[in-house]
Amino acid sequence: MPHALEQAIKFIDDHTFHPRRVVGLNNLRLDEYPVPALREALVNAVAHRSYDDRARKVFVRVFSDRVEIASPGYPPQPLTLAKLRKGGYRPCSRNPLIAQTLATLGVMEQRGSGFARMQDAMLNHGLDVPKLSEEDGYFVVTLSGPSGNYDRLKVPAGATGPITPAVEAQLNARQKRILAHIMTGATVTRSWCVSEFDVANDTAGRDLKDLTKLGLIEPQGKGRAVRYVVKTTGDQLAKS
């Protein structure tokens, strides 16, 4: 089950957008939806769904403006949609053995607080609170996305990129300006550095070589046509 949960997270990650945001000297990869909210919704779906009808599955549907996670069965009594929306309800599990197992594995946290954490994660990400509904025998959690307005997304607290304070301390003023320029999506050349900083060709070459050795930029092309761009290192924003 934990493996299936991670597969579902990856499916959503593969089918949603990941805009980039320049923060300081870092070009960070953002998620369209906060992973903690997605994980809470998925964990609740498998832990509290009705298993009476094994033919019905948990559905994960990704739309252009939202993600829907639907689990078979309505909330067990005495829980209601009103209580779940309001919060402060007493924990009630339809499948206590599954819930306890997920908690023991560290996949599920304190029971009865999942929806509150989901709501906090969405708000902290710059999005609206989740919508809860009941449809055709399914309990549906809808996470509304930014609908193309990625400027509303917030950088998670504590998120860091490859340029840590320790790395930044090794850079001179010119190298910091080179990185800041490249992080905007631009490219630089040795001749650009010579003109921009009024330095010798060898000095510009050393600045670019040092940044390359640190793994912050990489060359494209050869000879006089070589340009330097930000080094692609996969996800530069740790997911929590």
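**Exercise 1.** Find which helix gives the largest share of the lining of the second largest cavity.

*Solution.* Step 1: helix 1 gives the largest share, 3 residues; helices here are DSSP runs (H or I, at least four residues) numbered from the N terminus. This is a predicted model, where local features need pLDDT of at least 70 and side-chain atom pairs pLDDT 80 or more, while totals for chains, interfaces and linings use all residues. Residues are numbered from 1 along each chain as its sequence is written, and side-chain values use heavy atoms, without hydrogens and water.

Step 1: helix 1 (2–14) and helix 2 (35–48) each supply at least two lining residues. A cavity is a set of points on a 1 Å grid over the protein atoms alone where a 1.4 Å probe fits but cannot get out, and lining residues have an atom within 4 Å of a point.

Step 2: of the 11 lining residues, Asp13, Thr16, Tyr33, Val35 and Leu38 lie nearest the centre of this cavity. By class, the lining has 5 nonpolar, 2 polar and 4 charged residues, with Asp, Glu, Lys and Arg counted as charged.

**Exercise 2.** Describe how helix 7 packs against helix 9.

*Solution.* Step 1: helix 7 (residues 173–182) and helix 9 (residues 201–213) pack at about 65°, their axes 10 Å apart. Axes are lines fitted to C-alpha atoms over the stretch in contact, and angles run from 0 to 180 degrees between N-to-C directions.

Step 1: look for contacts (heavy atoms within 4.5 Å). Arg174, Gln175, Ile178 and Leu179 of helix 7 meet residues of helix 9, among them Arg206, Asp207 and Leu211.

How values were computed: On a 1 Å grid over the protein atoms alone, a cavity is a set of points where a 1.4 Å probe fits but cannot get out, and a pocket is an open set with protein on both sides within 12 Å along at least five of seven lines; lining residues have an atom within 4 Å of a point.
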